[in-house]
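Please keep the viewer open as you read.

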Amino acid sequence: MKRLGLIASVLASLHLLVLLAGFVAPYDPVEQTRTLPFAPPAHLHFVDSRGQFHLRPFVYALVPDSENFESYVEDTTQRFPVQFMVSGSAYNVLPGLESRLHLFGVHAPARVSLLGTDGLGRDVLSRLLHGGRMSIGAGLIATLCALLVGMGLGTLAGFFGGRVDAAVMRLADLFMAVPWLYLLFAVRAALPLHLDTRATFLLLVAVLGIVGWARPARMIRGIVLSARERTFVTAARGFGARAPYLLKRHIVPQTLGVVLTQAGLLVPQYILAEVTLSFLGLGVGEPTPSWGAMLGSLQQYSVLTSYWWMFTPAIALVAVAISYYALTSMVHERMRLAAS
Amino acid sequence: MTVVARRIASSIVMLFAVSVLSFGVLELAPGDFFIEMQIDAHVGSQTVEGLRTQYGLTQSPVVRYVQWLRSFVQGDLGFSLAHRAPVSTVIWTRAANTLLLTVPAMLVTWCLALPLGIWIARHRNRWVDRICGGVTSTLVALPDLLVALLLLLLALRTGLFPTGGMFSPDANELSVGSRLLDLGRHAFLPLCALIATTLPAVVRHVRASVIEAAEAPAVQAARAYGIARTRITSRYVLPLAANPLVSLAGLSIATLLSTSLLIEVVMSWPGLGPLLVEALLAKDVHVVLSASMLASALLVIGNLAADLALYAVDPRIRV
Amino acid sequence: MRLIGSALLVALLSGLSVNAAAPSAIAAGEEVLVERATSGTPGGRLVVALRAEPRTLNPAAAADAPSREVIGRMSGDLIHIDRATQSTESALASQWKRSTDGREYTLSLRKGIRFSDGHAFDADDVVFTFRVLLDERTGAPQRDLLIVGGQPIRVTKIDEYTVKVALSQPYAAAERLFDSIAILPQHLLNDAYEKGAMGQIWSVATPATSIAGLGPYRLKEYVAGQRLVLERNPYYWKIDSTKRRLPYIDELVFLFTGNEDAQVIRFQSGDSDVLSRASADNFAVLARDQAAQRYQLKDLGPSLEYNFLFFNQNDLSGKTLPQVAMKQQWFGDLGFRRAVSRAIDREGIARLVYRGRAVPLWGNVSPGNRLWINTALPRLPRSVSEARAILTSSGFSWRPDGQLLDRQGRPVSFTIVTSSTSAQRTEMATLIQADLKELGMDVQVVPLEFRALVDRVFQSFDYDASILGLGGGDADPNGEMNVWLSTGSNHLWRLGQQKPATPWEAEVDRLMQKQLVTLDYRERKQLFDRVQTIVAEQLPFIFLAAPHILVGARADIGNFQPSVLDHYTLWNVERMFFRPELRTRR
């Protein structure tokens, strides 16, 4: 029980961080600092150049190295202490409600990029937090679509059996066989350009989810098949219950356990799918950040070998995925124990 | 036997449906193979139109599909516009190269995953289980592309392994033994990448099925009887756990040609992957169709083999 | 005797056992070309990594860069452009005369030359080549290059070693026409041509004995998906100052990789010896490791390529694109385009996208084209306030929240489409998006798959703006006719028109046609300067930057003289050699 609560709270806090991205992130994710491309993570100092200790951590401003214009040195002439609850760039807390309050920041011209900057000088930490919205959101939407269609068709197949079942299962085989990547390319190319890039992306994600209905459908069909034969269902039928009632009161609740565990496995899978889409150029458009778009830059050899802080979205990805898997396996375990 | 015959018939229908869908989806995307030439300032649009007519791209999609279907059932896989050669000359060597990678990877994966999964299941909920759970979760969560890129980086930094390709440039002058060694050195990293991306999921499945099978009443009864543990595992647990695992093995066979796609592209392994990606981007329709048909055929074979194996292994299904 | 000595030397020094054909002895009566470059040491194998697999070895069918790269080493042309000087020199044609009216050229071919399979070369092969290329059935990409004044050129045989080329009108850069037009062997290709199969012949899998050419190398072996090996052409018609037959290097191996990054990785790990056109980012990575490694890197300065942003000004009367049509009110307004041009941070693009290895552009000719650039073009610095002033005088205004509105009060918003495979152009678009935000314009960047992009720009016209790159061919303005002529197939901002839509386009047409037939360089330069001025004023393309050419090669390669013209590194491959005193063990 304790471990379940622990995992659940870790997952919840990760989602909360991403939800509160505007507040936690020190900068606007699309703000470019053209003088500081690929700047390394800022060092937080407690002891200054004269050896004096300060309780409040501070940073130095970064300037390009005069000898090697590819790297930066710290300008130790001025300290910039880290302030908390500062006023910064504007963001929307809720649609329509704006705020300028950020958790921490420093005065200009220094920048406290705790995870460095990308090729256009944008703060990686801010993009990581805001990008989580896109990526986790994509995972949730795709999972929802896959499960809705999968539940619908799987329940149908399992409940009515016979020819309906065979037809649905053949359809499922078909959907698992066709390479749907081309469909995504085609949909993207066919969409009008005037749609918001965010809307286009979410549409692609929904399509991705919908075509992935086959595997959940199979599992749900299996459950429904066995549930249909259970004694209480036969009894209810004997009492004259019709199909909708049976489905609603008896069959579907049986499937919920499987649906939940499937959801727990599908969400990280679709977050990963978003990364693949971005690698292939089908991701969300600039300048909106997403983890896939940020990892996409690692395909360039120069970025892969020189700027280790560009890997941080992978760490975030892994953390979220592990939490989901751990939660799922724990819930699965408890359900099994409860059933036996 | 009629069961098998019916399955084969429905598989053929499915392959046909796959071809129609693939073709339809390809047609949806605008542009064709020769449109790339239009952006070359030296080539006039009449030349491009002439080429289009010559290769039949101006005909309606239905006509083109029927033409392809007719030649396909006669064994002619079509003509590759990119290579200006029949598809069959291009696709079979590539498919063989891919299998050269995926078959050993699959064998190694299963030979490692089965004992590992059983062993972890036995030590369920102890620290061994937790660590392995964490490692497999991490590997499953990492995008395949990232794993491949990291391995490539490793090759570059250490210089121990070649950074791409299947043979060294002077491979023809080596003896047979050295050539095999050369092949091995080139295949090592792609194999590692492939195993790293498929092993964790299989281990997790083995573990889950074994745990579930171990809870069965028959196994509990056997334990109560005091039967030795190894005997329980081999005679009771494994046959029970076999059902989902056989399906998974069938899926492994079915995806033999598609799992290594990204890894082949990143590591310049001359398999089906780079061919398919380039054909897709270039809209080389016949190559894409042939590759999808090949992959779908393998899927059908894999599923059929799995179902047959299941029939043989699990007596409950025969009833 | 000398040959045996050199061969022994090579075997001792290199330790490689390369089974390449030894050069044949020079026959009496063979008119070879003497290269007065540094004499070098024969032997060795040069490995080059290609970005993609070549699609064909047929010079009359090759449209993609990897194919042309390989074919270029296997074939010879009549008159060649020396990449170092950018001017013409004699190749298979030892000399030529131009008639006084400039419509006829008489070329004298070298006598006693043989193809790589030993068969003799004469005027029949030349006539055959041009007949094949000009035949519409072949569908050769070079066909349109050979159409002057609406008429194809006529090549006729005078005698066994003399041909006459007749043009329908005097043509300024006629000599340059012949560069890279590979002379085809009639004895091998005549049958295929008669049967109408020229488009399908000589695929990469063709056996080596069926292919012959007049270049420094000939086909040895092809392994699908992995590599293509060329070996020395024993009959190559160039010799060095010591009367040794070129090329020096025994074998050329082309490795196939998937993309530019894989190409760079192979170079850095030592698998390949020459790197052509690295991107600025990869160049920086290589430069960092240069001290420890054994390769030389060169930054050759700006290329001839130009990248630009352009707006859709096509005539949409035949199509139903109401949204685009509405926005064309802005795109057609010169003030709008000038404001956009003033607001773009070109220095930022050069610094961020190309790591400083690019030059900002305000015209269609890059500084890399020394002979033709108009140095008097104004280079207006970035100024958002100026841009705003221009917008105000064009009738635009701003909402309180900063959004730009047009005369009718509609918010100004449009999309820029780029190719999803070009990370650099997408980055440029992102920078421009932020720049134009300061003007209050709402810009979206949409990366599309390349074919979808080309379809929109050339066929459906369903786009607002796009970023593309052109140029990079020959330095001569004639190569750009299709872009600047209003009926040209690359007149991207307004395609498919029968006559020029604006007075300035009519003027550009007149100037380009005139410089086509003017034979004096200075007069042509004046005409083309005027074209550049008009284009820079009217801004059909808003020019952004020209990237530098960045190349690399092993440190022990001699005669490595890369140039900004295609082919950047291997154009003089017959003169390249491995220097034994610098040789390191592989």
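The sections below go from the ground rules to salt bridges, then to an interface and the cores.

## Ground rules

This is a predicted model, in which local features need pLDDT of at least 70, side-chain atom pairs count only at pLDDT 80 or more, and totals for chains, interfaces and linings use all residues. Residues are numbered from 1 along each chain as its sequence is written, chains are lettered from A and ligands numbered from 1 in the order in which they are written, and side-chain values use heavy atoms, with hydrogens and water left out.

## Salt bridges within chains

Over all chains, the structure holds 42 salt bridges (a side-chain nitrogen of Lys or Arg within 4 Å of a carboxyl oxygen of Asp or Glu). One of them joins Arg122(A) to Asp118(A), with the closest N and O atoms 3.1 Å apart. Both Arg122(A) and Asp118(A) are buried (under 20% relative accessible area, with exposed meaning over 50% and partly exposed in between, using a 1.4 Å probe and protein chains only).

In one, Arg382(C) and Asp435(C) form a salt bridge whose closest N and O atoms are 3.2 Å apart. This pair links distant parts of the chain, 53 residues apart: Arg382(C) sits in the loop between strand E18 (358–360) and helix H10 (384–393), and Asp435(C) in helix H11 (residues 423–437) of chain C. Helices (H or I, at least four residues) and strands (E, at least two) are DSSP runs, numbered from the N terminus. Arg382(C) counts as partly exposed, because its relative accessibility is 34%, whereas Asp435(C) is buried at 1%.

In the other, Asp476(C) and Arg524(C) meet at 3.0 Å, N to O.

## Where chain A meets chain C

How many residues does the contact take from chain A and from chain C? There are 30 from chain A and 37 from chain C, where contact means heavy atoms within 4.5 Å. The area buried between these chains is about 2700 Å², with carbon and sulfur atoms giving 54%; buried area is the accessible area (1.4 Å probe) that two parts lose on being put together, summed over both.

Two salt bridges are counted between chain A and chain C. Arg34(A) and Asp435(C) meet in a salt bridge at 2.9 Å, N to O. Asp435(C) also belongs to a salt-bridge network with Arg34(A), Asp345(C), Arg382(C) and Glu438(C).

## Nonpolar cores

The largest nonpolar core has 143 residues, and those with the most contacts inside it are Leu309(C), Phe336(C), Phe414(C) and Met441(C). A nonpolar core is a set of buried Ala, Val, Leu, Ile, Met, Phe, Trp, Tyr and Cys residues joined through side-chain atoms within 4.5 Å. Helix H7 (residues 176–214) of chain B gives the largest share of this core, 13 residues.

Leaving out residues up to four places away in sequence, Phe414(C) touches several partners, among them Phe311(C), Phe331(C), Phe336(C), Leu436(C) and Met441(C). A second, separate core of 123 residues includes Leu57(C), Val274(C), Phe310(C) and Val531(C).
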